[in-house]
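I opened my notebook to write down, entry by entry, what I looked up in this structure.

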Amino acid sequence: MEINILNREKNALLNREEIIVDIEHKGEATPKREELKKKIAAMIGKDEKLIIIEKILSEFGKQRSKAFIHVYENEEDMRKLEPKYILKRNKIIQ
């Protein structure tokens with residue numbers, strides 16, 4: 001799995017960083033959120049507990065996906081700003 005950062009912006013108003021990545025996964029399934037969180041955390045040097053994978057969009061017929069990621073400065077802002085269904089998908093809450 002190869003990950004390339006397409007766009008990386010700091011959103012000071014929401015106290016987070018918004019990242020768009022391109023993922024090439026030749027011969028593999030679309031990557032799981034947990035696996036992607038670990039790779040992104042290693043790439044950008046942040047704690048994986050503060051990373052939210054908003055969505056992963058796969059291109060039909062290709063082994064390529066695009067992911068939209070939010071990286072928060074602290075857990076309090078993350079829990080306050082992200083919708084509950086996104087927190088559940090990312091296994092932050094039950």
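I began with salt bridges, taking one to be a side-chain nitrogen of Lys or Arg within 4 Å of a carboxyl oxygen of Asp or Glu, and a search of the whole structure returned 12 of them. Side chains of opposite charge can pair when their charged atoms come close.

Before going on, I noted that this is a predicted model, in which local features need pLDDT of at least 70 and side-chain atom pairs count only at pLDDT 80 or more, while totals for chains, interfaces and linings use all residues. I also noted that residues are numbered from 1 along each chain as its sequence is written, and that side-chain values use heavy atoms, with hydrogens and water left out.

Salt bridges, one by one. I looked up Arg-8 and found its side chain in a salt bridge with that of Glu-17, at 2.3 Å from N to O. For exposure I used relative accessible area, where buried means under 20%, exposed over 50%, and partly exposed in between (1.4 Å probe, protein chains only). Arg-8 counts as partly exposed because its relative accessibility is 40%, whereas Glu-17, at 11%, counts as buried.

Next I took Glu-73 and Lys-46, whose side chains meet in a salt bridge of 3.9 Å, N to O. Glu-73 lies in the loop between S4 and helix H2 (75-81) and Lys-46 in the loop between H1 and S3, so this pair ties together parts that are 27 residues apart in sequence. The names follow DSSP runs numbered from the N terminus, helices being H or I with at least four residues and strands E with at least two. Glu-73 is partly exposed at 37% relative accessibility, and Lys-46 is partly exposed at 32%.

I then checked Glu-59 and Lys-62, which form a salt bridge of 3.6 Å, N to O; Glu-59 is partly exposed at 33%, while Lys-62 is exposed at 53%. I also found one network, in which salt bridges that share partners join Asp-22, Glu-24, Lys-26 and Arg-64.

The sheet. I traced 4 strands forming an open sheet in the order S1-S2-S4-S3, with antiparallel pairing, where two strands pair if DSSP finds at least two bridges between them. Strand S1 (2-11) and S3 are the edge strands, each pairing on one side only. From one strand to the next the twist averages 20°, with axes as lines fitted to C-alpha atoms, for helices over the stretch in contact, and angles running from 0 to 180 degrees between N-to-C directions. Between S2 and S4 I found 9 bridges, and Arg-16 has Tyr-72 as its bridge partner in S4.

The core. Which residues have the most contacts inside the largest nonpolar core? They are Val-21, Leu-36, Ile-40, Ile-51 and Ile-69, in a core of 13 residues. Strand S2 (16-24), helix H1 (33-44), strand S3 (51-58) and strand S4 (64-72) each supply at least two residues of this core, and H1 gives the most, with 4 residues. By nonpolar core I mean a set of buried Ala, Val, Leu, Ile, Met, Phe, Trp, Tyr and Cys residues joined through side-chain atoms within 4.5 Å.
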